Amino acid sequence: LASLCPAVTDPTQQAFVTSAKAVLDGNWVTSMNSTLPSPNLYPHQWSWDSAFIALGYSHYDTHKAIAETDALFRAQWRNGLLPHIVFNPNADESYFPGPAFWKIHTSPAHPLNSQTSGIVQPPVHAIASLAIYNNAKSAQQKKLAMHHLQSVYPKLVNWHNYLYNERDPLKENLVYIRHMWESGMDNSPAWDDALNAIQLTPDQIPQYTRVDKGKVGSHHERPNSHFYDRAVYLIKVFYDNSYDEQAIFKSSPFLIQDVLFNSILARAGEALADIAHILGKKQAAVHHREQSAKTAAAISSKLYHAEDGFYYDYDMVAKKLIRTKISGGLVALYGAKVDSTHLNSIVNHLYDPAFLGPDLSSYTIPSVARDDPGYTNTTYWKGPAWININYLVRDGLLRNGNGNEDAVKIAKFLKTRSMSMLGAAGFYEYFNPISGSPHGGHQFSWSAALTIDWMC
Ligand code: 9WN
């Protein structure tokens, strides 16, 4: 175990990083070899949470970062699908929908030794595995990390191949999500029209009982039952079609090319290329880089709306861009390499009072523009600020912001503000974007893990 964060020498900052580590320690489950997103709300392993968590561990515990990643990939489906939840066999009843609800045995590709959901989450994983290697300090850690790259590389390739082969039927280099939970931004107002278009009679909705509502400050902070009815109905569409992607593509009422998901995929493709390069697989590296560039270009051409100067999701069922300004649209900068016009328009949006305001006076980035009719201060992905979004937008601004002073200034602000907000409020799941007050699950792992990645 490397000493935690040698670069941080200030005692107050050291204490802050130590408290972030304590959150991860507290959420580690030895029997699963993985870390819960939050002890009170999420009792299993979640896919993109795990990748963010591995980024945190990569700075001080290579072994745990690898164990976390391996635990997730052990549950990978035989067609490459990396499930969004790996269920903890000791916590069956404490989260809905639990393992039985997904009926994954209807798919010939379901994993044989794990209970999982049947959907995915944004593919941060190659980025985390590369960081495990890059952040390994001692010779022994580097050796462990090298073994990790060798063993995880084919699994990452299968994962990305699944996305490109199964989720991009029109060969646009943009993959679709087929469930709101696949976006990671569950009840974003961006999905409202698509969800309202799903007309259901009571007998079409599988019977279900939620267990989440009593676990947060106010149940209004969680998605409503209109959302959950549609969330469970979509799961039925999947198992009724035996998780066959071609059949789902023909019959699913929810198919969206999401900016955040594709942007992370483009960036993960670059990481996969770097991993292939480290492993001496030069041809493969070229292929991964080309694929990533195609996705990055497709984001900028298909998902950018020139008049609005914003990146929007595309609804493949309604066949139109969803002109709702969500923070996921700003994450385009993380994966796409954008030209100066696109960068300037994003910077302008960040300076708009609907996001941060001209003097960056708003507390932090709301998940939805504050002038959107669907905006609220405290309801989950309908307005509250999330640390991973601040993290991805900041990275995207720095990556594209060469010479753009405003981009660099906002990037700096996002880090300082996120750290001070977490320092004052604690490692919560999400925050009121105007006051910084904490909401949702407490001791939230990715808030802690990304703090470590930022500080160390
Ligand atoms: C459904 C675990 C997950 C995050 C998501 C976040 C929330 C789950 C839920 O929690 O979603 O996957 O039950 O609300 O929206 O991004 O991965 O932290």
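Which residues of helix 17 are buried? In the model, which is predicted, local features require pLDDT of at least 70 and side-chain atom pairs count only at pLDDT 80 or more, whereas totals for chains, interfaces and linings use all residues. Residues are numbered from 1 along each chain as its sequence is written.

Helix 17 spans residues 405-425, helices (H or I, at least four residues) and strands (E, at least two) being DSSP runs numbered from the N terminus. Its buried residues are Ala407, Ile410, Ala411, Leu414, Arg417, Ser418, Met421 and Leu422; a residue is buried if 20 or more other C-beta atoms, placed from the backbone, lie within 10 Å of its own, exposed if 12 or fewer, and partly exposed in between. Viewed down the axis of helix 17, these buried residues fall within an arc of 140 degrees and so line one face, the arc being that of the directions from the helix axis to the C-beta atoms. On the other side of helix 17, Glu405, Thr416 and Ala424 are exposed. The cover over the buried residues includes helix 15 (340-351), helix 16 (387-400), strand 10 (430-431) and helix 18 (445-455). Just after helix 17, Gly426 adopts a positive phi of about 100 degrees.

The largest nonpolar core comprises 131 residues, with Val331 and Leu333 having the most contacts inside it; such a core is a set of buried Ala, Val, Leu, Ile, Met, Phe, Trp, Tyr and Cys residues joined through C-beta atoms within 7 Å. Helix 11 (residues 259-278) contributes the largest share of this core, 12 residues.

How values were computed
The expected span of a helix is 1.5 Å times one less than its number of residues. Two residues are in contact if their C-beta atoms, placed from the backbone, lie within 7 Å.
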